[in-house]
Structure formats: C-alpha cells, structure tokens
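Hello,

Here is the structure for you to look over. My notes on what turned up follow below it.

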Amino acid sequence: MNNLRIDIDRLMRRIRALGEIGALEGGGVCRLALSDEDKAGRDLVVRWMRELGLDVTVDRIGNVIGVRAGAVQGPPVMTGSHIDTVATGGLYDGNLGVLAGLEVIETLNEAGITTHHPLAVGFFTNEEGARFAPDMMGSGVHQGALSLEECLATVDSDGVSVGEHLERIGYAGNVAADSVRARAFVELHVEQGPVLEKENIVIGAVTGVQGISWTQYTVTGTSNHAGTTPMNLRHDAGYVAAAIATGARRIAREMGGDQVATSGVIELAPNLVNVIACRARVTVDLRNTDEQALQRAEQSMADEVAMLTEREGVAIEARTLARFAPVEFDREMVDRVADTAEALGHSVKRMPSGAGHDAQMFAPNCPAAMIFVPSKDGISHNVHEYTAPGEIRAGADVLLQVLLSLAGSE
Ligand code: HGY
Ligand code: MN
Ligand code: MN
C-alpha cells in the first residue's frame, strides 16, 4: 500500500464552501435540482474541476464530468455523485462523493502521479428526485436506464420542464449523455442510516441498493360541509389520503423484514378546516432489498386503493414516479473496497444501501461499488446530517486507493 493520503482540511474547506450555497438559517442546505442554488453550486464545482486541470463536459441532461488524462486513452475509471439536495438537506449527501473525487485528483496532481487509465469525477443531474421524479435522473439517462426525451420533458409543480430549466441555468449540454463511458464506477457516500455508527464501524463496503417504488395517488372526492354532511354520505378525499398513508405503513409492518413505506407528500384541496376535501395528492415510497417482496408490497397497496375507491365512492388515479429494481454490486469490487479499507487499518462492514444512489445506475454496465461512512444518529435528508472529519478522511483515503488500484499508475 503506498503512503498517499488525502488532505482532509482541504476537503473540509470545499465541503463547507459548497455548503454555503443554498445554506439554510440554522444549518443545512437547500439546493433543489436545477434551481438557482443548484446552478451556483454547479458553477463552483466546475470552476474547481477546471482549476484541477480536468477536461469538463456537460451532457444533454446536464450531467457534468471532468476527465483527468491517463497514460493511455479510453474509458475512465469514474467516481462522483450528486450536488443537488432535498429541501432540508445536509452538507454531505452527494456532495461528499463529488468533492472527495476532486480531492483524489488534487492529491494525485500534487504527487505528480499519472494513472494508466484516465480518471473522471462527475456530478449527475437531479439525483434526489425531490423536485422532478424519478430520482437518479441524470445517471439513469447517462447509463441508458431512463429516456433522455422523457426526462427533459418532465415538469415541476409550476409546469416548467427539466429541459427548460437546464437551458435557463446554462447546463443544457450539447454532448450526448453516453459520451463518457466508465471503465468502472466507485461512489463515496454517507450511509444515511444508523448501522455503521451503532456497530462502531468506519467504512461500509456496500453490497447493493434496495429496490425503489414511488407512486403518486390523486384522489377525487366531493367537497361538502364538515358539519351538515352525514358520515355515510361523504366522499372524503382527505380521509382517503390518510387511509393510503396509514395503509402503506400497515403493509410494511405486516410484511416486516426489509420492507419500508413512507408517505412524504400529502396535499389537500381546498385544505380548509370546515370543508370535506374534494381532492388530495399523496405519495407512497416503498422499498425492499428483494424484488418479489417489493412487488408483493405494491400489490397490497393496489388492493388497498381499490378497496378505498369502492368503499369511499372516490376516484383514485395512481401514477408511478419511480421504479428501480434492487441492484447487487460486483462482488470483486465490494471485496476491493473491503480489502482496501482493512489495508488502511479501518474497520469495515459489508452492507446494503437503504437509499438510492447514482452508482446503482452504473452497476448493470460496468464494475461498480460504493463506500459508506457513518451518519451521526443515523440521520440524513435532515439539516442536522453530520459525519466527522476523521470518518470523511477514512472514506476519502479508501476512495483514493480503490481508484488508484482500478486505474493503475505508471
Ligand atoms: O431517495 C433516495 O433514496 C435518494 O436520496 N434519491
Ligand atoms: Mn445521495
Ligand atoms: Mn439524498
């Protein structure tokens, strides 16, 4: 093992500087995909990429990839993640993977090391899916899992499309989304869960990503007076939205195992205390590590919705917002992450990812892997998201060595 190590102070400076963009009062970050804040974050990271001598391309879905030449031409060994955040995001979700990639580049530049194969660092458009569904949009298009045209046409709640927003922020690239193929892909990311911290382990060698199923239900009932309408004559969209949310939770509880269910959006109209709601929008996020179990959860949800439609005399329209099957990472790559962590003297655990990540889009097409570092109190998608600098240094050093081992050095 060489004695190359990243500069944690420099990496923390970049993490904090990027975190200033979209900073929320009291901490945390809001840089929703394709917002002005996202543009400002993109501009900063592109400046850093150029200062590091990377050859930067922007593709048609707005993915940005900086390539560092190797001794030979050909597909680069790639790392990266995302810099868009949820509305109550932290400093590390996604950002860590991109900035640790830049730190690896700067460490190699300082050491005057030329790798055999090229290296690349990327950030992918709209990984979060919080504003435009589905999540992993940019990496999904990059890897052929999602249609460029459909994604460009996806609109936000104002009816403005991804394509129009990319033009507006100056990131409607002219390069085909599949122009920079990866020889391998490795992503460093915070765990966003409680496992590593609870077991006092520093590095997660991620074995795979669980399946994701997002559905938006639009319920149409009948507005009526909250006081005069007998209970048996109601077509209450508000009640049905709540029943969908509690039904999802009951299904997850009854299934047990890895099944999780979340209703993160519930909107009612006219949303007034004394009016029976005529319309509701409610989302259900179902996830499971097992595809058959996830399909059973989806079927149970569909049965629940059919029952409610009948019993409550409402109309319910279901729209799939995202659907990704579980992904297993290449066993040799998982072992490479684990062995590298151990060689650096870090504790390591093989574990699945509960969250979706850009790396899962690469897994069907090239050797892919992820490196996790702990999340304090297991929280994320929360302004208090935190990972200690010592843990970040460990993760970035593992990333440096794994990338070097994959790219080879002259
Ligand atoms: O939803 C997810 O798992 C990811 O944060 N986009
Ligand atoms: Mn993320
Ligand atoms: Mn996230």
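**Helix packing**

From α1, Arg14, Ala17 and Leu18 meet Gly41, Leu44, Val45 and Trp48 of α2. Contact here means heavy atoms within 4.5 Å. By class, five nonpolar, one polar and one charged residues make up the contact of α1 with α2. The classes are these: Ala, Val, Leu, Ile, Met, Phe, Trp, Tyr, Cys and Pro are nonpolar, Asp, Glu, Lys and Arg are charged, and the others, Gly among them, are polar.

Helix α1 spans residues 8–19 and helix α2 residues 36–51. They pack at an angle of about 150°, with axes 10 Å apart. The axes are lines fitted to C-alpha atoms, for helices over the stretch in contact, and angles run from 0 to 180 degrees between N-to-C directions. α1 and α2 are therefore roughly antiparallel to each other. The cut-offs: under 35 degrees is roughly parallel, over 145 roughly antiparallel, 65 to 115 roughly perpendicular, and the rest oblique.

**How to read the model**

This is a predicted model: local features need pLDDT of at least 70, side-chain atom pairs count only at pLDDT 80 or more, and totals for chains, interfaces and linings use all residues. Residues are numbered from 1 along each chain as its sequence is written, chains are lettered from A and ligands numbered from 1 in the order in which they are written, and side-chain values use heavy atoms, with hydrogens and water left out. Helices (H or I, at least four residues) and strands (E, at least two) are DSSP runs, numbered from the N terminus.

**Helix α3**

Helix α3 covers residues 95–111, 17 residues in total. From first C-alpha to last it reaches 24 Å, close to the 24 Å expected at 1.5 Å a residue. That expected span is 1.5 Å times one less than the number of residues. 14 of the 17 residues of α3 are buried, so the helix is largely enclosed by the rest of the structure. Buried means under 20% relative accessible area, exposed over 50%, and partly exposed in between (1.4 Å probe, protein chains only).

**Domains**

The chain is divided into domain 1 (8–210 + 326–407) and domain 2 (211–324). The bounds come from an automatic or database domain assignment. Taken over C-alpha atoms, the two centres are 33 Å apart. In contact are 16 residues of domain 1 and 13 residues of domain 2.

**Cis peptides**

Ala133 and Pro134 are joined by a cis peptide bond, with omega about 0°. Pro134 sits in the loop between β4 (119–123) and α4 (137–142).

The bond from Ala269 to Pro270 is also cis, with omega near 5°. Pro270 lies in the loop between β10 (266–269) and β11 (275–276). Its relative accessibility is 35%, so Pro270 counts as partly exposed. Not counting residues up to four places away in sequence, Pro270 touches Ser223, Val275, Ile276, Ala277 and Cys278.

Gln192 has a positive phi of about 70°. Gln192 is in the loop between β5 (184–190) and α7 (195–198). At 16% relative accessibility, Gln192 is buried.

His381 has a positive phi of about 50°. His381 lies in the loop between β16 (368–373) and α12 (389–407). With a relative accessible area of 40%, His381 is partly exposed.

Best regards
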